[in-house]
Amino acid sequence: MVLEMVSKDKLKNLSDIKNYRRITLSPTIAKLFEMCLIELVQEFLITSDLQFGFKKKLGCSHAINTMQSVINCYTARGSTVNVCALDIVKAFDKVNHYCLYTNLIRKKVPVQFLDVIINWYSKCFARVKWNNMFSGSYSVVV
């Protein structure tokens with residue numbers, strides 16, 4: 001796995017680490033492997049109808065449309081609507097894998113799949129690409 005640092009805004013200070021976001025570059029074989037795993041266990045990975053991210057054929061535009069529909073419904077009846085939004089961008093990379101595994105067990109995901117996932121995440125290594133230079137590999141602690 002390669003973590004590449006990409007500038008958020010090229011007009012801002014390029015030496016400020018806060019001006020960069022990490023992206024993961026996975027080899028094609030890893031992507032194919034993940035697609036096969038998902039195909040095998042998708043029946044166990046059911047989520048709320050109110051989740052729009054990380055689902056086939058759903059995304060941000062669907063979430064915005066749902067929110068707009070709710071707002072229109074309430075305002076059409078003369079109510080006011082207050083919206084509270086949370087920016088959880090920094091939480092994205094902070095998945096508690098122990099909780100993930102516990103939830104998968106609770107959903108009765110087959111043990112063989114769980115073994116593969118635990119093995120997969122416990123052997124993750126990364127290196128950082130900065131311009132055209134790569135750091136040494138290091139273990140990603142999960």
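Predicted model: local features only at pLDDT ≥ 70, side-chain atom pairs only at ≥ 80, totals over all residues.

Student: In what order do the elements of the protein chain run from the N terminus on?

Tutor: The protein chain has four helices and six strands. Read from the N terminus on, the order of these elements is β-β-α-α-α-α-β-β-β-β.

Student: What share of the contacts with a separation of 6 or more is between residues 24 or more positions apart?

Tutor: Contact here means heavy atoms within 4.5 Å. Of the contacts in the protein chain with a separation of 6 or more, the share from residues 24 or more positions apart is 35%.

Student: How wide an arc do the buried residues of helix 3 cover around the axis?

Tutor: Helix 3 spans residues 97-106, and its buried residues are H97, Y101 and L104. They lie on the same side of helix 3, because the arc they cover around the axis is only 60 degrees.

Student: Which residues are exposed on the other side of helix 3, and which helix is included in what covers the buried ones?

Tutor: On the other side, the exposed residues are Y98 and R106. The cover over the buried residues of helix 3 includes residues 111-122, that is, helix 4.

Student: Are helix 3 and helix 4 roughly parallel or roughly antiparallel?

Tutor: Two packed helices are described by the angle between their axes and the distance between the axes. For helix 3 and helix 4 the angle is about 170 degrees and the axes are 11 Å apart. Angles over 145 degrees count as roughly antiparallel. Therefore helix 3 and helix 4 are roughly antiparallel.

Student: Is L100 buried or partly exposed, and what does L100 touch?

Tutor: L100 lies in helix 3 and counts as partly exposed because its relative accessibility is 29%. Its C-alpha atom is separated by 9.9 Å from that of I118, 18 residues apart along the chain. Not counting residues up to four places away in sequence, L100 touches V95 and Y121.

Student: Which residue caps the N-terminal end of helix 3?

Tutor: The backbone nitrogen of Y98 lies 3.0 Å from a side-chain oxygen. That oxygen belongs to the capping residue, N96.

Student: How many disulfides does the count come to?

Tutor: A disulfide is a covalent bond between the sulfur atoms of two cysteines. C73 counts as partly exposed at 32% relative accessibility, and C99 counts as partly exposed at 39%. With the sulfur atoms of a pair required to be within 2.5 Å, the count of disulfides comes to zero.

Technical notes:
Residues numbered from 1 in each chain as written. Heavy atoms only, no water. Buried < 20%, exposed > 50% of the residue type's maximum accessible area, 1.4 Å probe, protein only. Helix = DSSP H or I, 4+ residues; strand = E, 2+ residues; numbered from the N terminus. Arc of directions from axis to C-beta. Polar contact = N/O pair within 3.5 Å; in protein donor to acceptor, adjacent residues only side chain to side chain. Axes fitted to C-alpha atoms, helices over the stretch in contact; angles between N-to-C directions. Parallel < 35°, antiparallel > 145°, perpendicular 65-115°, else oblique.
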